[in-house]
There are 2 protein chains.
Amino acid sequence: METKMDSFFNPSSVAVVGASPRKGGAQIIQNLLYGYQGAIYPVNPRYEEIQGLPCFPSINEIPHAVDLVIIFIPAHHVPPVLEGCAQKGIKSVMIESAGFSEVGSTGRSLQHRCLEIANASGIRIWGPNCMGLVDVRRRHFFTFMNPRVYQDGLIGSSTSLVVQSGMLSAAFLTDLMGQRAVGVGKVCSIGNKADVDECDLLRYLLEDRDTEVIAFYLESMRKGRLFAEMADGAQKPIVILKGGRSQAGAKAALSHTSSLAGNSRLAESVLATVGVTLAEDFHQMVDIARTLASTPETQSIVRTAILTFSGGAGIVSCDLMARHGLHVAQLSDKTLKALEGVFPPWMPVANPVDLYPAMEIHGRVATFDRAFAIIAEDPQVDALLIHYVAGLEDEILNLRRLKQIADAKGKTVLFWLLGSNKDTRRFRKEAQAHGITVHGEISRAVECLAAAARFHTLESRPKITLDGPKGSARSTIREVGSLPTNVPVWDEFDSKRLLAGQGVPVVEEALVHSLSEAEEAAIQLKFPVVLKGLMPGQIHKTEKRLVRLGIENRHELVDAFRTIRHRMEGQGRILMQHHMKTDYELIAGFLHDDQFGPCLMFGFGGILAELDPDVVFVLAPVDPSTALGMIKGVRGKRLLEGFRGIAPLEEKRMTDILVRLSDLGVAYPQIAQIDVNPLGVSDGKPFALDATVILKT
Amino acid sequence: METKMDSFFNPSSVAVVGASPRKGGAQIIQNLLYGYQGAIYPVNPRYEEIQGLPCFPSINEIPHAVDLVIIFIPAHHVPPVLEGCAQKGIKSVMIESAGFSEVGSTGRSLQHRCLEIANASGIRIWGPNCMGLVDVRRRHFFTFMNPRVYQDGLIGSSTSLVVQSGMLSAAFLTDLMGQRAVGVGKVCSIGNKADVDECDLLRYLLEDRDTEVIAFYLESMRKGRLFAEMADGAQKPIVILKGGRSQAGAKAALSHTSSLAGNSRLAESVLATVGVTLAEDFHQMVDIARTLASTPETQSIVRTAILTFSGGAGIVSCDLMARHGLHVAQLSDKTLKALEGVFPPWMPVANPVDLYPAMEIHGRVATFDRAFAIIAEDPQVDALLIHYVAGLEDEILNLRRLKQIADAKGKTVLFWLLGSNKDTRRFRKEAQAHGITVHGEISRAVECLAAAARFHTLESRPKITLDGPKGSARSTIREVGSLPTNVPVWDEFDSKRLLAGQGVPVVEEALVHSLSEAEEAAIQLKFPVVLKGLMPGQIHKTEKRLVRLGIENRHELVDAFRTIRHRMEGQGRILMQHHMKTDYELIAGFLHDDQFGPCLMFGFGGILAELDPDVVFVLAPVDPSTALGMIKGVRGKRLLEGFRGIAPLEEKRMTDILVRLSDLGVAYPQIAQIDVNPLGVSDGKPFALDATVILKT
């Protein structure tokens, strides 16, 4: 399969069906002639020659082998052309025409027909409805995009892009290389993804020697689990901008876990836990990607030194770093002493290192070079964020040497650059050539540094290891007795019995069928108690006023029991629990996601958390170290570490619950979802206070 | 005073002490000659002529009236020059030299000496340690900054900047006008702010006809209250980037209110409530400011139409808008019908409006013009976010007409622009000339739109109205009996007695001096009860294990009473309360801030809120509408509106508590802080569960 993919990127010859002397059909040929070194065969029955190249009436009349066919003709003409390709034994076809599944049912049938032909003949289809492929370093423009895209010159880099958007790739490329002087590597516009999709490209680009980092803009992710599993083992940084987060979820959420999974939260959380960096806008995605490409491998980059010409910019950098959880490095005594030799005597040396006063004495570049060399030596510094004004003097910073020093010392270097249009462009291009990242705003530089810090932290994390074959449960599973399989949504009591059977701690409770049983149970369970009316198939007990908390005495119990029984109108059953005092509430859950398969969730429960969810999703099954990673992965983890007199969460117990929950879900394929909500924590110990098991229907 | 300030901005003549043929001294003269039309008098005893201008040995030997003196000589020579200025009756002096309070004690004395001379003679000092003033529209460069700043050409606008940072103003200006083609108006670098400060400049620029919006970069804000009061009445948008948010607060915080006030939270919250927009980085500050300058006055801009050439960019715009709480407009039926006439038949019309398919039919500009005219008519659309690629074809968008249409319909228009370097610069300059804001990233465009939406919402808010003279309490104050003034930190019981005396609802409680009193009180207050050991001067009872919650019966009471009494070692007193069931916990507080004077705080209490504070500060005293604004101003306000079966907060009761708390603090100047924490809410009703009054010492 990889060989076939290589025909898209590095074909020995290209035929263009729909080549013409005008518009897009002409631009494809013009773009091919710009840099592609192999044979080019225009195909169009109406012309004998196009741009000096002999033109062929059909694919089959080309008297040579053809490696890649680019099709750019009206959609309804595509299937017969594909059949021609099949006859000629072509294996790679890029359909750049629009008019397929994106335009409704007729287009969908056309696309389906194309796929049938391709599958029958072993053709791989790229597209349709896409801008094709650009490889800036090889000067391959397999696309009908306007040749203006390279009018400001090409800037290559090791950052490759995969974008599920056509127009954007052309305009965006023009903007990156033109307006911003930012380089790119391969740009893959994959359109409708009828066949070749993000997983194919991820696999290919992970192996591609010219690519150091891969950025994706995706609106859909049909094989989420495969993508996540590949990303999990990937050696290269991956950045994803996922479009459509704000779209309302299609299906009504039965459980809390599945409602929390909506709006891309599950996808983003799963991807983040396997080391993918998430972006939220196009330029930011590229800025993060190129920063990740320029940071040394397997390096911690939390402690940053700031070299600045402005006290104010230093202060704002510190503020932004604090916001992103990065540390302003505490410079070593040796560094401080050495810097004192550069600074004027009145000036206290500190980080941020304000070079301006010393520049007044020694000149701009000399000061910078000395300070940089000193700070790059400091073992307490991981990264250097340099504020610089391009072209202020004629002296030019030696960026090559700077990068050499940084690499030798294993430091990350990035610039915040100000200056005139011409000066900054020249500086940016030179920096790019030396693998140094330049940013136009402090906030963006810091944001990218934070992404790099997160990436390198995750790189060193233990990978998900599976004991058995994928999808099978682990060894914690205990034999379960008879399960009620006649109802799709289990009530709280049955759900917790299943969990307790697997060793998940649950609150003490008892079913009470009469008032006298209730009175007896209350003595057993001890006041205060809780009464809950469990109705068949009903999850939202509180909203139905079927829960009475904190029943203090017999009198209150009688009232509560009667009220709830009355409201239940003869259905369901009544459950009594001891009213546990909890310090806070967590939530855990299991579900099968359409894209990502079995997944496990952990996070904060309770009302405040519902306003602003703080949960983590990972692929199930999980091992204890992944479960521990989930506990460490919530925003509010400080609370779990012991806070203001509250006992720290017992991590062993908590990971154990998560592993058992995941194993249970994976072991019983008939289980669709499990909700443990709330998972109350009392004195550091988690207990399932309520739970729901939902079977597949 | 305004007249004096005008001499800085529009002087009839300027003398430059420290003019020279080289370096900064030469650049000041060169900059003045660039555009300033008044008389220029170089002053330097070593030269007879500088750049063709006659040079004077001293200020006093200039035979003409001098309106403004710019001083750029070593710091220790400045005081005698100032004395010369005083003798000549000069009223406005801009000291651009460094070497004053920023370099330690010698510099501080020098600066103090300068101020003494100035105060004695009525001179206003701008600086020292600053880059002076630039007025791009008037071409006034009263500064030693490198003339390269205008090498890419000047781009004027109505956005004025005040920056407490020297180097940054020059480099930043070069970057704005050069690299970004962004215009600016007046740029005031105010350095050490020995005399002229942000309040002077706010007052001046609010009156300045050329300024429509004012952006500040400030590291300190000495007259915070004055600034906030001016901002509150301001007709022009104000944007502030406050440096130093991450610096550790200097003073240890006694109360929770004052610990929440730290790290600029109070300053930022107070400023935000009076309509100031907060920024977090330099370019972002300018981008927000110029967007605010370009939006029509007193307009709601929540509902946005997105005109795009890329489905993907439209989706990402929607995602970003959702994140910022902006609404993607629901287009009216009339608009949808009209757009159907522009779109190809297969295409469903929706917002985002993807113009690309129609552009394929009608051409780029024709499609755009028709769609824009249709959408600008839609009464359900407040703002149009337009995605555009500069220079893709030779046709040029008529931006003048576009702005005329938008203005006529009262719509906000802003662009997200892609394209080559040359094309985008040309587009940006033209857009700027017509008052249209262009952004380089979708996220920035949306962020600015959100800032504008917030600004216009706040503009229509009720202003803080004071019944009496400022600083005096309102009519709610009731006579208070004898107060314990012998201790600076009151215990919980005394504190709540004071609050209860002012009509603030407090939890039912009683002091218990013996076990038998405790047993009696428990019957009165009803189990479950809470016991608290109150130690003199001790605020953190829980950490000292002096609190026992949820005592259910006599047996537990005996144990709790004995344990707490034992831990108190004969000091303090014991308080018993009924253990109220609360739905959630709030916090309210009063304090005197050094910069902002008496302030009131409201927000969420409890543990999760401590991890991520959600509080609002405003200037005290407050009226009920401001108090209501505080309740509506917390991030978690959805919880207060009734959420998941929890009763909505009774707003009348809550505003009443806030008004009384503020009045109490303002009425008794000896009160430094009042902490009401937690303010428990049960069935929508807030009660003070704990409180602390701290007197000034």
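**View 1. R148(A) and D423(B) join up in a salt bridge, 2.9 Å from N to O.** A salt bridge here is a side-chain nitrogen of Lys or Arg within 4 Å of a carboxyl oxygen of Asp or Glu. Between chain A and chain B the count comes to eight salt bridges. This is a predicted model, where local features need pLDDT of at least 70 and side-chain atom pairs count only at pLDDT 80 or more, while totals for chains, interfaces and linings use all residues. Residues are numbered from 1 along each chain as its sequence is written, chains are lettered from A and ligands numbered from 1 in the order written, and side-chain values use heavy atoms, with hydrogens and water left out.

**View 2. Chain A brings 83 residues to the contact and chain B brings 84.** Contact means heavy atoms within 4.5 Å. About 6600 Å² is buried between the two chains, with carbon and sulfur atoms giving 56% of that; buried area is the accessible area (1.4 Å probe) lost when two parts are put together, summed over both.

**View 3. Five strands of chain B make an open sheet with parallel pairing, in the order β2-β1-β5-β6-β7.** Strands are DSSP runs (E, at least two residues), numbered from the N terminus, and two of them pair if DSSP finds at least two bridges between them. At the edges sit β2 (39-43) and β7 (124-126) of chain B, each pairing on one side only.

**View 4. In chain B, β5 (residues 68-71) and β6 (residues 92-95) run parallel, joined by four bridges.** Look for V69(B): its bridge partner in β6(B) is V93(B).
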